[in-house]
Amino acid sequence: MSTMSTAPHSVHPRDALFDAGELLPADLPVCDHYAGVEVRMRKSLEMQAELGPVFDITLDGEDGAPVGGELEHAQLIAEMIDSGANRFDRVGARVQTVDHPAFEAMVDAIVARAGARVAYIMVPKPRGLADVERAVAAIDDAIARHGVGRAIPVHALVETHGALREVQALAAHPRIESLSFGLMDFVSDHRGAIPQSGMSVKGQFEHPLVMRAKLEIAAACHCWGKVPSHCVVTEFKHLSALEEAATKACRQLGYTRMWSIHPDQIRTIVDAFSPTSAEVDQAAEILLAAQAAGWGPIRHRHHGQDTLHDRASYRYFWHVLERAHRTGPLPAEIQRHFFAQA
């Protein structure tokens, strides 16, 4: 362990390790919890108020809306987002597909009532870049029409052949903040060529076509500074399997966010995406020593071995600390030193 101390006004990692204009992903919570039925939407807001903004809530106007009642459901979603129950402004909305008759009306209702507070608008099932551009145009038209003074972030679901084919273009779009993988529709879109097991908690990590999709989405997001969000685990009562899936998504596939479809899944996902206390301690030690050395190379002793570190590994360890900050309280000294302004 390094014993080097840092000057109180040393250059912060954010300023020392990243170039101006570098594409960096948004600082989003690691869990995105979906709720579509009114009682579950309200309970989700209560849970977020209790636990804090360690997870986002997406109020679902696609699967959650009754057929023929999509606009009324969007109005309910907008009312909830604009209410006092939304404590942290970390509540988004999923609308219908761009070719649905209610799409533009739903977007308009959400932007008109909650445009200043909605965390993002999720666009499902785009068939490619053209659908994303159409969705963004509708959202931005509503923003202009209602005088909303911000560009609302846009998220999109990659769950069609066309979206996967153009995933780099989707990730490159300047209005996209995050891309999610839609496992169930993606498997269904193969018309039986991928067996049902490809939708299971185990099979989705084994079938080559599913894994290819997951990896291409994650790679595109990291290339363009966007947040890759992993798909659902439908076996929502099987928490040990969920923990294993979330750990694989985070540690092996490069995902930094994951969907929850049941309140019991939230804590498991947050824990799986959190660095261990040992990883946090190691990252802090190395960054403190690097900061004291003016961000030049250092030698750090870990598990009895001396290891050389430079800016490349410093960037990695800073991301470890940032992820730990998003998922729960840090030790007070680390919090104070690196995240006092946050």
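Predicted model: local features only at pLDDT ≥ 70, side-chain atom pairs only at ≥ 80, totals over all residues.
Residues are numbered from 1 along each chain as its sequence is written, and side-chain values use heavy atoms, without hydrogens and water. Local features need pLDDT of at least 70 and side-chain atom pairs pLDDT 80 or more, while totals for chains, interfaces and linings use all residues.

Let's start inside. A nonpolar core is a set of buried Ala, Val, Leu, Ile, Met, Phe, Trp, Tyr and Cys residues joined through side-chain atoms within 4.5 Å; buried means under 20% relative accessible area (1.4 Å probe, protein chains only). The largest such core has 79 residues, and Leu 179, Phe 181, Ile 217 and Phe 273 touch the most other members. Apart from it lies another core of 22 residues, including Phe 18 and Ile 334.

Now to the helices, which are DSSP runs (H or I, at least four residues) numbered from the N terminus. Axes are lines fitted to C-alpha atoms over the stretch in contact, with angles from 0 to 180 degrees between N-to-C directions.

| Helix pair | Angle | Axes apart |
|---|---|---|
| α12 (residues 277-292) and α14 (residues 332-339) | about 45 degrees | 11 Å |
| α4 (residues 103-114) and α5 (residues 129-145) | about 40 degrees | 9 Å |

For α12 and α14, contact (heavy atoms within 4.5 Å) involves Leu 287 and Leu 288 of α12, among others, and Ile 334, His 337 and Phe 338 of α14.

In the other pair, Phe 103, Glu 104, Val 107, Asp 108 and Val 111 of α4 meet residues of α5, among them Ala 135, Ile 139 and Arg 145.

Technical notes. Buried < 20%, exposed > 50% of the residue type's maximum accessible area, 1.4 Å probe, protein only. Helix = DSSP H or I, 4+ residues; strand = E, 2+ residues; numbered from the N terminus.
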